[in-house]
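Work through the following exercises with the coordinates open, and try each task before reading its solution.

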Amino acid sequence: MASTERATNVSIAPLLARLADPSTTYHSITGPEIAAAISLIFDNATSPVQTGCLLYALHTTQLDRRPDVLAACADSMRLASAQVDNDALKKAVEERGKKEGQYNGGLCDIVGTGGDSHNTYNVSTTSSILASALLMMAKHGNNASTSKSGSADLLLAAQPSPSISSVLSTTLPEIYSSTNYAFLYAREWHLGMRYAAAVRKELPFRTIFNLLGPLANPVQSSGLIETRILGVAKKDMGPIFAESLRLSGATKGMVVCGDEDLDELSCAGKTHCWMLTEQDPALAKPATYAPSVVIEPFTVHPSDFGLTPQPLSAVAGGKSPSENAAILKTILDGSIDPQDPVLTFVLINTAALLVASGICETDTSAMGPGDDGNVMKERGPGGQRWKEGVRRARWCVESGSAKASWEGFVKATREIESKIAAA
């Protein structure tokens, strides 16, 4: 856990001197060295001046774009976060998670780096709620930094609203006893980040912390994160984040970037994807030749999902959290116009998460009432069943299962809030 008071300052001047030395090469400083310096920030053990210099140096040298640096620093960030009781969390997830296809009932996340300047609807947050009808979700998010409505802002504006500040390391297992959904409010889990806040606010550029957030889901340390979709705002960052996930131990997941440099799957045109899959041990080459987890690049298009493309302008506009919360309500209620571009946007991203989880890899279907059982076996780019993902995403909405999961989350967090207040 991060310290609540300033510790004795630890000088990182030797590292800063190396970063500033023109003779220093891109690979002459290791990821663990940088991660060790970053970890001091979480303990309030570096001066603001040295913190700012470190963030600036990583930005200008582009070391904050090196996969091993991101992986090591994300690990430090998770270690400094609130720590959950792994045994209790594992028990709660195993009791509630339902295995199907190649999905093993583990926790899932869908998150973006932000910074794409498109200011679209909160699609990843909405998709996380819809997918919770079938998957165990541990959605990691925070308030907006570059847009009007971040994931936390949307949930705080929802009616009825959950008590997202009640989702703590001590209460998370209890929440999963009554719902598949949990929102991990970064502000409550990564307390050490407060020590970087003032410095970050004064810097006129996005720092490594903007990149670490999507990689630092605090329950990843439990080993229960089974899959995730991670959106990046620049196509050249796709392979970097995919490799960083692989180095962090991820065996299943997908990094995506809309062709418009959008940190979501695009509803307007093609999306660049980098899918992580674990090789069949019987087919894998020896470790000296290839990793057991491979990264496969490909592109998808709305038509691969059986959906009509919609312009990004139809899902943008800089709406406020309350406006986006109203849209979320119409989706969960099933009252949204079936032709609404926002619904297309949400269905594509929800379907992609379902596909990445492996739940679509079954020839039988028993989702529940309203499921016709007609599995769509057609495969598209990457050899995946994108249309089956949409069929399941629609069922999550039309069956009312996503709404029920969301209401369970609201109820559980409010009850916990009442217990805390009464204690």
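The model is predicted, so local features are reported only at pLDDT of at least 70 and side-chain atom pairs only at pLDDT 80 or more, while totals for chains, interfaces and linings use all residues. Residues are numbered from 1 along each chain as its sequence is written, and side-chain values use heavy atoms, with hydrogens and water left out.

**Exercise 1.** Determine where Glu100 lies, and find which side chain it joins in a polar contact of 2.9 Å.

Solution. Step one is the location: Glu100 lies in the loop between helix H5 (86-96) and strand E1 (107-112), where helices (H or I, at least four residues) and strands (E, at least two) are DSSP runs numbered from the N terminus. Step two is accessibility: Glu100 counts as buried because its relative accessibility is 18%, the classes being buried under 20% relative accessible area, exposed over 50% and partly exposed in between, with a 1.4 Å probe and protein chains only. Step three is the partner: the side chains of Glu100 and Arg392 are joined by a polar contact of 2.9 Å. A polar contact is a pair of N or O atoms within 3.5 Å; within protein, one must be able to donate a hydrogen and the other to accept it, and residues adjacent in sequence count only if both atoms are side-chain atoms. Step four widens the view to contacts (heavy atoms within 4.5 Å): beyond the neighbours within four places in sequence, Glu100 is in contact with Gly358, Ile359, Thr362, Thr364, Ser365, Ala366 and Arg392.

**Exercise 2.** Is Arg391 buried or exposed, and which side chains does it meet in polar contacts of 2.8 Å?

Solution. Arg391 is found in helix H15 (residues 386-398), and with a relative accessible area of 13% it is buried. Its side chain makes a polar contact of 2.8 Å with the side chain of Asp371, and a polar contact of 2.8 Å also joins it to the side chain of Glu388. Not counting residues up to four places away in sequence, Arg391 touches a set of residues including Ser365, Met367, Asp372 and Val375. As a check on distance, Arg391 and Gln102 are 289 residues apart in sequence and 17 Å apart in space, C-alpha to C-alpha.

**Exercise 3.** Compare the end-to-end reach of helix H3 with its expected span, and identify what covers its buried residues.

Solution. Helix H3 (residues 48-61) has 14 residues and reaches 20 Å from first C-alpha to last, close to the 20 Å expected at 1.5 Å a residue; the expected span is 1.5 Å times one less than the number of residues. The buried residues of H3 are Gln50, Thr51, Gly52, Leu54, Leu55, Ala57 and Leu58. An α-helix has 3.6 residues a turn, so residues three or four places apart point the same way. The cover over the buried residues of H3 includes helix H1 (13-20), helix H2 (31-42), helix H10 (194-202) and helix H11 (208-212).

**Exercise 4.** Describe the largest pocket by its volume and by the residues that line it.

Solution. The largest pocket holds about 1300 Å³ of space. Its lining consists of 47 residues, of which Thr113, Asn142, Asn143, Ala144 and Ser145 lie nearest its centre. By element, the largest share of the lining, 4 residues, comes from H10. By class, the lining divides into 13 nonpolar, 25 polar and 9 charged residues, where Ala, Val, Leu, Ile, Met, Phe, Trp, Tyr, Cys and Pro count as nonpolar, Asp, Glu, Lys and Arg as charged, and the others, Gly among them, as polar. On a 1 Å grid over the protein atoms alone, a pocket is an open set of points where a 1.4 Å probe fits, with protein on both sides within 12 Å along at least five of seven lines, and lining residues have an atom within 4 Å of a point. Grid points are joined across faces, edges and corners, and the volume is the space filled by probe spheres set on the points.

**Exercise 5.** Find the value of phi at Gln62 and of omega for the peptide bond from Gln159 to Pro160.

Solution. Most residues other than glycine have a negative phi, and most peptide bonds are trans. Gln62, in the loop between H3 and helix H4 (67-79), has a positive phi near 65°, and it is partly exposed, with a relative accessible area of 42%. The peptide bond from Gln159 to Pro160 is cis, with omega near -5°.
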